[in-house]
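Please read them with the structure open.

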Amino acid sequence: MPKSPIRLIAYDLDGTMLNNDKKISEANLAALAEARAKGCILLPSTGRPLCMLYGPIIEVPGVRYVLTSNGAAIWDMGSDPYAAVHSCRGDLMGTPEGELPADARCLARSPLSVKTAITVIDALRPFLPGVLKVFVSGKMLYEQECFQWEQENGKVGFRHEAGLAAIVPSLTEALPAWDGQIEKVCMFFSTDEKLQQARQVLNQLPDIEVVQGAPDNLEVTAPGVDKGLGLEKACAALGIDPACALAMGDSENDLALLRRAGFAGVVANGFPEAKALASYISQADNDHDGAAEIIHHYL
């Protein structure tokens, strides 16, 4: 069978391109370089906000565009992705628009309303302690108690470096300053029982999209906002037909991405629902270069 005319590769990070140490393996880096050399645009597609795209992710040669917050924001990081990412870090409450480099910009944003975001936060508070945070314009906002709990429990698999997040006294009081820029509400839970209970509560709320991006978290965006919509917006901005895109993922928040792309690859550790959508499932998992296997299969 002839190789497919893939022009863009949209790849999930956690559980797919990143191994369990939150790094990109040499084999995966080589596969991305090969794809880039063949003319493919590389599009990291993640539930993370822009500020969480640390070194190994943004230092992949040729990476300029990124789908973040499950499709709520699509960014052109410009000629210096490192500078774009770091402009979204730290206590930036006094600069709601951020200070992106001159040639970087948000290509598309699909925000939650302030009212809806606060309703979601109020619904999730009874399930603390855990990590409750909000992504706004590429930034990450915490209250001190949740930030401290994350540092002590490591629920996302690593400790945040200093200045990564903005600590605010109250998320509810902070969010009105970010009207039109609220990308996602996210919570990591201390137990699966709390996660399941919280999902039942969130399922009763109107005007939101709820997905599970990891075994211990829930992620909330505006209705209809998911990685599939993000892929459509990214492709429209770049002049590419989604039918010429390869999507790679592993979990529930990747399902819409896998459905919308012309080609869908899922790593061996993927959720059953993701594998059901795959046109190719790697034999290797994310800890053993499964992403590279998928890229080599298609290219």
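Which residues in α7 are buried?

1. In α7, the buried residues are L195, A198, R199 and L202, where buried means under 20% relative accessible area, exposed over 50% and partly exposed in between (1.4 Å probe, protein chains only). Seen down the axis of α7, these buried residues fall within an arc of 105 degrees, so they line one face of the helix; the arc is that of the directions from the helix axis to the C-beta atoms. An α-helix has 3.6 residues a turn, so residues three or four places apart point the same way. The face of α7 turned away from the buried side carries E193 and Q200, which are exposed.

2. On the basis of the model: this is a predicted one, in which local features need pLDDT of at least 70 and side-chain atom pairs count only at pLDDT 80 or more, while totals for chains, interfaces and linings use all residues. Residues are numbered from 1 along each chain as its sequence is written, and side-chain values use heavy atoms, with hydrogens and water left out. Helices (H or I, at least four residues) and strands (E, at least two) are DSSP runs, numbered from the N terminus.

3. The cover over the buried residues of α7 includes α4, β9 (182-189), β10 (209-214) and β11 (217-221), with contact meaning heavy atoms within 4.5 Å. The axes of α4 (residues 114-124) and α7 (residues 192-202) come within 10 Å and cross at roughly 145 degrees; axes are lines fitted to C-alpha atoms, for helices over the stretch in contact, and angles run from 0 to 180 degrees between N-to-C directions. In this pairing, V120, A123 and L124 of α4 meet A198, V201 and L202 of α7.

4. R48 lies in the loop between β2 (41-44) and α2 (55-58), and R48 is buried, with a relative accessible area of 4%. The side chain of R48 joins that of D14 in a polar contact of 2.7 Å, that is, a pair of N or O atoms within 3.5 Å, of which, within protein, one must be able to donate a hydrogen and the other to accept it, residues adjacent in sequence counting only if both atoms are side-chain atoms. The R48 side chain also reaches the backbone oxygen of M52 at 3.0 Å.

5. S137 sits in the loop between β6 (130-136) and β7 (139-142), and S137 is buried, with a relative accessible area of 4%. Its side chain makes a polar contact with the side chain of R109 at 3.4 Å.
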